Amino acid sequence: MSSERPETTPEEISRDVSENFGWTLGVLLRAYHGSVVSAIGDFPHGPRGYQTLAAVVGGDHPTQLALAAHLGIDRTVLTYLIDDLVGAGFVERRLNPADRRRRRIVATPEGERAFRELEGRVHDAEDALLGALTSAERATFRRLLTRVACDVRDIEPADDPCSVAEEMLSDGTRR
């Protein structure tokens, strides 16, 4: 009895890779992370810090707990992340006018400036990562990813920044 396995053809390897969703997502996530880390440099907490600043600048999260839920970050971890963003001068905690026992996280003018600069670099890094796709394919890919992400999180698009992203992508504008 032979212990040799039959040789796998390139077509079979290609089919196996293209049908392995987890592998594909892992490759893209690692490449995305590396690209964004390079694009944003030494920003506090790297991509997670950038995503937090993006949510603060672009979202309307009435409490730090709502911000943590939106980002999918444990609220105790978010506290330290926000502390570092406050220390860097990018965000500040303000009393919530609707509930003075709670604080809202808001971007400072320096935070808004930093976000605008980083947003361009991150977008360029994303475009480079998606370089195998045409501009139209990139827009479709982004729109489909947004739709799936909103569905997975069971978010009503009308109540979430995901809807804003979908609208921006559907008309071809970015900012």
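A: Happy to! One term comes up throughout: two residues are in contact when they have heavy atoms within 4.5 Å of each other. Keep in mind, too, that this is a predicted model.

Let's take helix 5, which has 13 residues.

Now look at which way helix 5 faces. Its buried residues are Leu 78, Leu 81, Ile 82 and Leu 85. These four cover an arc of only 100° around the axis, which means that they sit on the same side of helix 5. On the face turned away from that buried side you'll find the exposed residues Tyr 80 and Gly 87.

What does the buried side meet? The buried residues of helix 5 pack against helix 3, helix 4, strand 1 (91-96) and strand 2. Val 91, for instance, has Ile 82 and Leu 85 among its contacts, along with others including Leu 53 and Ile 105.

Stepping back, the largest nonpolar core has 23 residues, and Phe 43 and Val 91 are those with the most contacts inside it. Helix 5 (75-87) is one of the elements that each supply at least two residues of this core, while helix 3 gives the largest share, five residues. As a general rule, nonpolar side chains tend to be buried together in soluble globular proteins.

Finally, follow the chain just past the end of helix 5: there, Gly 89 takes a positive phi of about 85°.

Methods
Residues numbered from 1 in each chain as written. Predicted model: local features only at pLDDT ≥ 70, side-chain atom pairs only at ≥ 80, totals over all residues. Heavy atoms only, no water. Core = buried A, V, L, I, M, F, W, Y, C linked by side-chain atoms within 4.5 Å. Buried < 20%, exposed > 50% of the residue type's maximum accessible area, 1.4 Å probe, protein only. Expected span 1.5 Å × (residues − 1). Arc of directions from axis to C-beta. Lists of a residue's contacts leave out its neighbours within four places in sequence.
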